[in-house]
Amino acid sequence: STLLDCFRAATYVLEDPFVPARRSSSNQYTDAFAAAAKKNRKANKNKGKSNSASNQKGFGAAPPTLQEIASRFKTRLPENAASLPCPCGVTGSEGGDVLNYADCCQPYHLEQKQPETPLRVLQTRYSAFCYRLVPYIIQTTHPTCRDYRENQKVWANDLNRQGMFDSSQFLDLQPLGPTEFLDDNQARIEFRVRMKSQTSLLDDEDEDDGRDRSTERETVVIEKSLFKRDPETNVWSYASGDVRSEEKGLEGTVLNR
């Protein structure tokens with residue numbers, strides 16, 4: 001029911017391809033979470049100092065926060081991402097150049113802004129998948145979504161292990177028409193995503209002689225997503241979606257039922 005389902009299903013069609021994810025040595029996103037984690041640890045340490053020894057006895061270290069867990073995850077965020085065109089493809093004006101990441105999705109990923117419209121949810125989540133930013137996917141998932149979990153730390157670890165499309169390269173996002181508002185707090189958007197995956201050509205009888213026997217394939221999926229608004233905060237988030245394939249022989253097939 002999510003963009004996550006979309007690529008899982010597409011990857012299944014492509015016979016389980018695998019491409020190792022790129023890892024940036026440093027980036028502003030993980031630095032921000034690491035800084036938040038350090039601040040939390042310092043606050044907890046100072047709080048502990050103010051307690052008596054009897055109150056401290058028998059208690060271990062505080063469990064890691066979501067920010068601390070996320071700071072250990074690899075990302076696909078380039079070191080110079082801020083000055084690069086944003087993956088979501090938003091332009092400054094019709095026919096103009098694509099906005100830099102710093103002027104587009106980055107403030108949302110750094111929690112400096114929150115999605116004001118359904119389209120901004122879609123665009124910022126797409127960029128978060130491109131750059132492998134696990135916490136943002138969690139933060140922008142509505143509680144009614146079937147992927148939602150109360151335990152965000154377990155959810156984050158599961159996404160990190162198998163939910164961030166390490167076997168695929170995102171190519172582009174294309175909304176297919178205007179946002180359809182169902183009421184003040186619900187809206188739908190249909191969009192197309194192109195991705196490229198690498199499929200191994202080795203079979204059981206092939207010898208592993210070090211030669212590259214893989215091939216790249218491009219696939220296209222279409223999703224019609226439902227977004228919901230919190231009437232108290234006016235913040236939109238992702239609730240559900242129907243994913244359809246455009247693979248030859250599977251055109252129009254709903255992949256996530």
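Residues are numbered from 1 along each chain as its sequence is written, and side-chain values use heavy atoms, with hydrogens and water left out. Because the model is predicted, local features need pLDDT of at least 70 and side-chain atom pairs count only at pLDDT 80 or more, while totals for chains, interfaces and linings use all residues.

Let us start with the whole chain. The protein has eight helices and five strands; helices (H or I, at least four residues) and strands (E, at least two) are DSSP runs, numbered from the N terminus. Along the sequence the order is α-α-α-α-α-α-α-α-β-β-β-β-β. Of the 257 residues, 41% count as buried, where buried means under 20% relative accessible area, exposed over 50% and partly exposed in between (1.4 Å probe, protein chains only). Contact means heavy atoms within 4.5 Å, and residues 24 or more positions apart account for 63% of the contacts with a separation of 6 or more.

Now have a look at helix 6, residues 118–131. Its 14 residues reach 20 Å from first C-alpha to last, close to the 20 Å expected at 1.5 Å a residue (1.5 Å times one less than the number of residues). Helix 6 is largely enclosed by the rest of the structure, because 13 of its 14 residues are buried.

Arg 125 sits in helix 6 and is buried, at 5% relative accessible area. Leaving aside neighbours within four places in sequence, Arg 125 is in contact with Tyr 136, Ile 137, Thr 140, Thr 141 and Tyr 238. Arg 76 lies in the loop between helix 4 (66–70) and helix 5 (106–109). Arg 76 is also buried, at 8%, and its side chain reaches the backbone oxygen of Cys 130 at 3.0 Å.

Finally, the aromatic rings. Rings of Phe, Tyr and Trp (its six-membered ring) pair if their centres lie within 6.5 Å; planes under 30 degrees apart count as stacked, over 60 as edge-to-face and the rest as tilted. The count comes to seven aromatic pairs. One of them joins Tyr 126 and Phe 170 edge-to-face, 5.7 Å centre to centre with 90° between the planes. This pair links distant parts of the chain, with Tyr 126 in helix 6 and Phe 170 in strand 1 (residues 168–175), 44 residues apart.

Definitions and conventions:
Polar contact = N/O pair within 3.5 Å; in protein donor to acceptor, adjacent residues only side chain to side chain.
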